[in-house]
Amino acid sequence: MVRRAWTGLTRRARAWTVEYVSHGDGSLGAHDGFRRPWTEHRARSTATASAQGLYDLQGLRAPEDFDRLARETISKCEAMARALKAAAPSAASVGALDEISDEVCRVVDVAEVCRHTHPSREYVIAAEKAYVRLQDYVASLNADGDLYEALRSARERDAKNLSDEGARVALTLQEDFERGGIHLDPARRRDFDGSLSRSLELGMEFQRNLLRPELASRVSLDKSTLSSLPKTVRDQFRSNDGKLWTGLVDSSNSSLMLRHLRDSNARRDVFIAANTGPEPNKDVLANLISSRAGVAHSLGFETYAKYATAPLLARSPDAVREFLLSLSDVLRQSAKDEYAVIEKYNHGKHISVWDKTYAMAQARGHECEFNSAAIAEYFPLEGVIVGIGELLARVLGLRIELQELAPGEGWTNDLKKLVVKTRDGDMRGTIYLDLLPRPGKFNHAAHFVIRCSRMVSPTERQHPSVALVCNFPPVSGKGRSLLSHGEVETFLHEFGHAMHSVLSDTEFQHLSGTRAPMDIVEVPSHLFEHFAWDPSALKLLGKHYMTHEPIPDAMISALRKSRNIFRSIESQQQVVFALTDLELHNQTSELSSKSIADLAATIQNEHSMFKPVSGTNWELRFGHFVGYGATYYSYLYADVLADDIWKRYFEGDSLAAGAAESLRDKLLRHGGSRDPEKVIRDLLGKDSLIEVNGGFRPLIQQ
Ligand SMILES: [Zn+2]
């Protein structure tokens, strides 16, 4: 019933930035599947005016309330499960399962956002305890054979009384149960459980090794070399003997170093440090892949990639591979052209992979007259929020109202609460904005679900609630938080997720909003990123923090040029990551650490302008293998679909109302409740997906 319980807390990182997404498709893990009952929800629909507690969760007023809420939830769900099992299986059983799911999610989703955002340690600790306790409870529901049998019988006996959505909810619930091994005979079940717990442990060990100080990579640079680095990075270095300075190299500072270091030898040293070790991950990765293969075999799948892609739009590794290879073909020539541009600014000299970032920054500086600080003056945070409100009003006919927080509702002083209504004033949902950094806060950008949309009675909807959590620049000397253009794009990306949640019209919560397959859940967010590059939208979003003048045309042109200038080279890198992730998880025989390294190097050789460096092994530092496992392709896949939607509906007249309304009616309102193949063909035409051995890949336009 609960999806991918074993992946734990998975967040999808947006391809080439540090943005993280929370639980689009329920990969949030163990709990998504459980929600609250019809009966108790009546009072909730007008709840936004007076909050019921912290994060708008009824009864949450102090840290110790988490423990009580978790206990009450479990005992209420136990009673509901008993009633469900005692009743004759019917279509109503599906609704009853959804209600149990809603009941659990109501608390566990708040525990999840709280443990990542609350400034008080007491709250964080209490939220973590409740989170773990409820996850354990969910695991017991997932293993409840009687619930599973009730669902199976309901599907067999009473299918005629299930709506299309109800049938899909029932089907995915059953698949989710079975992907947890519930239907296996005892011997197979033991194998499955063993492989599953090994793969979980190995995934955690892989990540832990990336953080162990004794396994960290270091680089020593001389003082004069160091001077070209930004101060924040320079300050991380310590002097050995007055001449050489040593610092740690990690994923957060290496790209800054590679962009700013003027000395090519120093860049080489940093690149090698950033793409080497930790040595123990050689075995850990090989064993992780092998134990995942064990999980797949126990469930009757030939490979882990077949198992991982089966519930997604792509449906098969063959479709994913064909997609990535086609994309690579399309990118090949344009990447060559882009390389020639970089080479020109490198005095015609060959560019090694460690020089790539620096050389691209230099070339970009020459080609695009671009002053990031001047551009940021057009994106004061408050202004961008107003601009997004205007944008949503124009394209989706929504009314976005800034509402005061009720006493006890907010978790930080700078929190903002947006209430989303239709043009006619009908309530759609709530978006909390927690946008500025503070110590201990979740340090990426994310969309957290707080409450899902669902019908609580034939005439009444539970309104969804989400939190967008970002870390935009603190208020500067200019008296404002001024966003870089990249941060505006990230913000729009998260708003795309929020619109998916808020505009969801599903009957059940199980597949509402962003609880959709991973390769489609990123489509709205990628589509919304396009507004950050669109001249008409930019005029709404970018107003100077002092003069309120809209962003000038020349700046927009420079921005647009910078977007495309090295896009193919950057996408090639993502193809390399995605193909490696796919192929490592699609082998039918065991892989040694040597064969893993060879496979990664072969793929890079084939699909990137920049050749692998002998002795380095980026794959040992690629933490996304843990969270994605054969599904890292989803970002590129969603990006291609979003591009297609943009071209078809928005390009040339991006603010026209009809375009986004098609998007709302054909995609957003369904959440994950409609077969994604139908959703995409309905939106983009029947030829927009190409069938590959029972799976699908998007048509890639040049
Ligand atoms: Zn996203």
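Student: In which sense do S8 and strand S12 (residues 465-469) pair, and over how many bridges?

Tutor: S8 and S12 run in the parallel sense and are joined over five bridges. The model is a predicted one, in which local features need pLDDT of at least 70 and side-chain atom pairs count only at pLDDT 80 or more, while totals for chains, interfaces and linings use all residues. Residues are numbered from 1 along each chain as its sequence is written.

Student: What makes S8 a strand, and what joins S7 to S8?

Tutor: Strands are DSSP runs of E with at least two residues, helices are runs of H or I with at least four, and both are numbered from the N terminus. S8 spans residues 427-434, and therefore qualifies as a strand. Six bridges join S8 to strand S7 (residues 416-422), and these two strands run antiparallel. Val420 stands opposite Gly429 in S8. S7 and S8 form a hairpin with four residues between them, and Gly425 in the turn has a positive phi of about 95 degrees.

Student: Why is Val384 called buried?

Tutor: A residue is buried if 20 or more other C-beta atoms, placed from the backbone, lie within 10 Å of its own; it is exposed at 12 or fewer and partly exposed in between. Val384 has 24 C-beta neighbours inside 10 Å and is therefore buried. Val384 is located in helix H16 (residues 381-396). By the same criterion, S8 is mostly covered, with seven of its eight residues buried.

Student: Which residues does Val384 touch, leaving aside those up to four places away in sequence?

Tutor: Val384 touches Phe379, Leu483, Val488, Phe491 and Leu541. Contact requires C-beta atoms, placed from the backbone, to lie within 7 Å of each other.

Student: What can be said of Tyr55 and Asp56, as to phi and burial?

Tutor: Tyr55 has a phi near 55 degrees, a positive value in a residue other than glycine. The phi of Asp56 is near 60 degrees, again positive in a residue other than glycine. Tyr55 lies in the loop between strand S2 (20-22) and helix H1 (65-86), and Asp56 is in the loop between S2 and H1. Tyr55 has 24 other C-beta atoms within 10 Å and so counts as buried. Asp56 has 24 C-beta neighbours inside 10 Å, so Asp56 is buried.

Student: How are the axes of H4 and H5 related, and which handedness has the crossing?

Tutor: The axes of helix H4 (residues 145-157) and helix H5 (residues 164-179) come within 10 Å and cross at roughly 145 degrees. Such axes are lines fitted to C-alpha atoms, for helices over the stretch in contact, with angles from 0 to 180 degrees between N-to-C directions. H4 passes H5 in a left-handed crossing. A crossing is left-handed if the near helix is turned anticlockwise from the far one by less than a right angle, and right-handed if clockwise. On the H4 side Tyr148, Leu151, Arg152, Ala154 and Arg155 make the contact, meeting Ala170, Leu173, Gln174 and Phe177 in H5.

Student: Which handedness has the crossing of H22 and H23?

Tutor: The crossing of H22 and H23 is right-handed. The axes of helix H22 (residues 567-584) and helix H23 (residues 593-607) come within 9 Å and cross at roughly 145 degrees. Among the residues in contact are Val575 and Leu579 of H22 and Ile596 and Leu599 of H23.

Student: Which residues touch the most other members of the largest nonpolar core?

Tutor: They are Ala111, Ala130, Leu134 and Val270, in a core of 188 residues. Helix H2 (residues 91-117) gives the most to this core, with 12 residues. A nonpolar core is a set of buried Ala, Val, Leu, Ile, Met, Phe, Trp, Tyr and Cys residues joined through C-beta atoms within 7 Å. Val270 is also listed among the buried residues of helix H10 (residues 264-274).

Note on methods
Two residues are in contact if their C-beta atoms, placed from the backbone, lie within 7 Å. Two strands pair if DSSP finds at least two bridges between them.
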